[in-house]
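Please keep the sequence and the model in view while reading.

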Amino acid sequence: MTETRRRASERRVFICSCEKTMALDEGSIARGCAGTFERADQLCRHESTRFAAALQETGPITVACTQEEPLFAEMAEDAGFTGTLSFINIREQAGWSAEGREAGPKMAALLAAASVSMPPISTVSLESQGVTLVLGRDETAIEVAARLADHLDITVLLVDPQDVTPPAKTVFPVLKGRVRNASGHLGAFELTIDDYALPSPSSRSKLIFGSARNGAESTCDLIIDLTGDQPLFSADDLRDGYLRVDPRDGAAIERLILKASGLVGIFDKPRYVNFDASICAHSRSTITGCTRCLDLCPTGAITPAGDHVAIDAAICAGCGQCAGACPTGAVSYALPPVDAVTERLRVMLSAYFKAGGTRPAILLHDGDHGAPLIDALARFGQGLPARVMPLLLNEITQTGPELLAAAVSYGADRIFIASRARAKHDVSGLTSILAMTNRIFAELGYGNDLVQLVETDDPDQLGAALAAPGAMPARAAAPAGFLPPPDKRGLLELAFRELHRAAPSPVDVIALERGAPFGGIEVDVAGCTLCLACVSACPANAITDNPDRPTLRFSESLCVQCGLCEATCPEDVITLQPRLDFTAWAEPKRLLKEEEPHECIECGKAFGTRSTINRVIEKLESHWMFSGPEGEQRRRVLEMCEDCRVAVVVKESFDPHQAETRTIRTTDDYLREREERNQSRH
C-alpha cells in the first residue's frame with residue numbers, strides 16, 4: 001500500500017528478522033493481524049530511517065522488538081510523535097525457537113495482542129521524611145545507624161542489649177526496649193514499645209539504662225530491623241518501609257544501607273486492586289459470611305470493616321489472590337483490570353486462528369520470574385513451542401476462574417502457569433482456583449489437568465513441560481468470540497456459559513467443594529416462616545421476595561455461596577449447595593415458597609403470612625394473658641396490622657400487657673398466707 005493511500009488511523013507494524021536470525025512468515029502474519037506490515041532485517045541500525053519516516057504520521061505504530069525499545073522511544077520523542085507506540089517481543093517469544101519456522105501464527109497473535117491498549121495505572125502516594133527506627137541487639141545496629149545518619153533522622157532501639165560500648169559522641173539517640181506490636185507502612189509506622197528506657201549519660205564501659213516502662217508509643221517513616229528475631233509483619237519483604245536482614249550477613253547489610261539512604265521523599269506505588277463495598281459479601285448485621293480475601297491476604301492489608309472489608313492500598317503488595325477469589329467482584333485487580341487482560345487474550349487467540357494456527361496453548365507468567373525463563377529458554381535452549389503463546393501478568397496469583405474459563409472458551413487447548421520452584425508466599429488461593437477449574441473442565445469433557453502449574457526455576461524444565469504431548473478432545477462448537485464485560489462476575493458467568501456451549505461432553509450439573517463461587521441453596525420449606533431475613537442478607541440479589549405476597553424466589557446464576565443466608569436464617573432451614581447447574585442458570589427465578597398473606601381483621605391490609613399468625617395464636621391460647629374472656633381482645637390485636645394495632649391501643653386505652661387477674665405478691669402476702677396455713681393445722 002502506498003503512502004498516499006494509507007489511512008491515518010491504520011496501524012503500521014514493523015517486523016524485523018534481527019539480522020536474519022529468525023524466519024518471518026509474512027503470509028501468516030498478514031492473515032492474522034490487521035495493519036500495514038513492513039519487514040526489516042536491521043531496523044535498529046541501517047534501516048532506522050524507515051522507522052523515522054513512519055513517525056511523521058499520526059497513526060499507531062507497533063514495533064516487533066523490545067530489546068531496542070529505548071532507542072525507538074527516544075526517536076519518537078525527538079520527532080514529536082503523538083500517536084500510539086507499542087512494542088512486542090516476537091524474537092524470544094516466537095522466532096528464536098526450534099519451531100521458529102512454524103511460529104508465523106503465533107507472531108501474528110502476539111502482534112495483534114500488542115494493539116490492545118491497557119488502561120492507565122492508578123497510584124497511591126507514600127511520603128517519607130526519613131525518620132528511622134533502627135532495631136538491633138549490639139554494636140551492629142549502632143554502626144549501621146552511624147552510616148545512615150547523614151541521610152536519615154535516626155533513633156536506635158536496642159533489644160536486651162548486653163555489653164554495648166557507649167558511642168563517643170551522641171549523634172543520635174540510643175534507647176532500650178522491645179516492640180510489642182507494630183502497624184503501618186512507609187511514612188506511617190506506629191509502634192508500641194515495652195521495657196522502654198533511656199541510657200545514663202555516665203555509662204562508661206557499657207551502656208547502662210535507667211528505669212524502664214511499658215506501653216511507650218512511637219511513630220516513624222522507616223524501620224530497619226537488625227535483631228535477627230521474627231519479623232514484625234507477615235510477608236515482611238512486601239511491607240514498604242520495613243527493611244529486615246540477618247545482622248550476620250555483611251553483603252545484605254550493605255544492600256540495606258544503599259536502599260534505606262534513598263527512602264526520603266514522595267513515592268508512588270500502584271493501586272493494585274479496586275474495591276466496591278456495595279457488593280462485598282463479608283457480613284450483614286454482624287453475621288459473618290465471606291472471608292475469602294481475609295484468609296488469603298499475605299500482608300494483612302485487608303481487615304473487617306462492618307458489613308464489608310477495608311483494603312489499605314498503602315500496605316497491599318499486589319499479589320491479587322483476593323481478586324482471584326472474590327466471588328462477587330467487589331475486589332478486582334487493577335494492574336490491569338481483568339476485562340483488559342481478557343480482551344488481549346481474545347484478540348490473541350482470534351488472530352492465531354485466522355493465521356492458520358491450531359491447538360493453541362497459553363503460558364501465563366510474570367515479569368520477575370517467567371519472563372527471564374522464557375528469555376533463557378530462547379537464548380540457550382529450544383525456545384517456546386510454536387503453539388505456546390505467553391501472556392504477561394503482573395502476578396500469576398491474580399489469575400481467577402473467569403480468565404481461565406475465558407481462555408478455554410476462546411479456543412485455548414492448554415493453559416500453563418509459570419511459577420517459582422518454591423513460592424515466596426502462600427499461593428493456596430491460586431491452587432484452589434486451579435483445582436476447581438480443572439474439575440469443571442474435566443466434567444465438561446475438555447480433558448484432565450487442562451490448567452497446569454509449572455513450578456520450576458529451570459528454563460529447560462519449563463520447555464519440557466510445555467512440549468509434553470496432550471490434546472483436548474474435539475469441541476462441540478467453534479471457539480467463542482464474546483467481548484469481555486467490565487465486571488468480573490459478568491465475565492465469570494458468561495465464560496462458563498460459553499464453556500458449556502462448546503463442551504465436548506456437556507453435563508448440566510457439576511458438584512463442587514464448599515467455597516466455590518457457584519451454587520444453589522436447599523430450603524426446608526416446612527420450617528420456613530417467610531421471615532425474609534435471607535432476602536435482606538443476600539448481597540448478590542440471588543434471593544428475592546414479592547412486595548405484594550409472601551414469596552421467596554432464588555436465582556442460581558447470581559448466587560456467590562457467601563453463606564450469609566444460611567448463617568442469618570433464624571429457623572436454620574437453609575443449606576448451601578456448591579455446584580455448577582447450567583440448567584438452573586437458564587431458568588428464571590425459582591419459586592422456593594409462597595403463602596397466602598394474612599389480612600388485617602380491621603382494615604383488610606395484608607401483612608405476614610396466614611400460617612404464621614395462626615401458629616402464634618395457637619401457641620398463645622393457653623397463656624394467661626390470652627385465656628378467658630379477658631384475653632379475647634388481646635387475641636384480636638394479634639390479627640391486626642401494625643397501624644390498626646396502634647390505633648386500638650390509643651383509642652381504647654388498651655394495654656395488651658395488663659391483666660386484672662394478675663397481681664403482685666408482697667412479703668406481707670406471703671407472711672399472712674403462712675400464718676393462715678399454720679393456724680389451719682391446729
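Strands, as the word is used here, are DSSP runs of E with at least two residues, numbered from the N terminus. The model is predicted, and Thr 286 lies in its loop between strand 15 (283-284) and strand 16 (287-288). Although Thr 286 is not a glycine, its phi is positive, at about 70 degrees. Lys 20, which is likewise not a glycine, has a positive phi of about 60 degrees, and its place is in the loop between strand 1 (12-16) and helix 1 (26-32). The exposure of these two residues is set out below.

| Residue | Relative accessibility | Class |
|---|---|---|
| Lys 20 | 66% | exposed |
| Thr 286 | 76% | exposed |

A further backbone feature is the cis peptide bond that joins Leu 335 and Pro 336, with an omega of about -10 degrees. Pro 336 is placed in the loop between strand 19 (331-333) and helix 10 (338-354).

Turning to the side chains, which rings make up the cluster linked by ring pairs? Phe 496, Phe 518, Phe 582 and Trp 585 are the residues linked in this way. Phe 582 and Trp 585 both lie in helix 18 (residues 582-586), where they are three residues apart, about one turn of the helix. Their rings form an aromatic pair with 5.7 Å from centre to centre and 65 degrees between the planes, and this pair is edge-to-face because its angle is over 60 degrees. Phe 582 has a relative accessible area of 7% and is therefore buried, the cut-off being under 20%, while Trp 585, at 4%, is buried as well.

Terms used
Residues are numbered from 1 along each chain as its sequence is written. This is a predicted model: local features need pLDDT of at least 70, side-chain atom pairs count only at pLDDT 80 or more; totals for chains, interfaces and linings use all residues. Side-chain values use heavy atoms; hydrogens and water are left out. Rings of Phe, Tyr and Trp (its six-membered ring) pair if their centres lie within 6.5 Å; planes under 30 degrees apart count as stacked, over 60 as edge-to-face and the rest as tilted. Helices (H or I, at least four residues) and strands (E, at least two) are DSSP runs, numbered from the N terminus. Buried means under 20% relative accessible area, exposed over 50%, partly exposed in between (1.4 Å probe, protein chains only).
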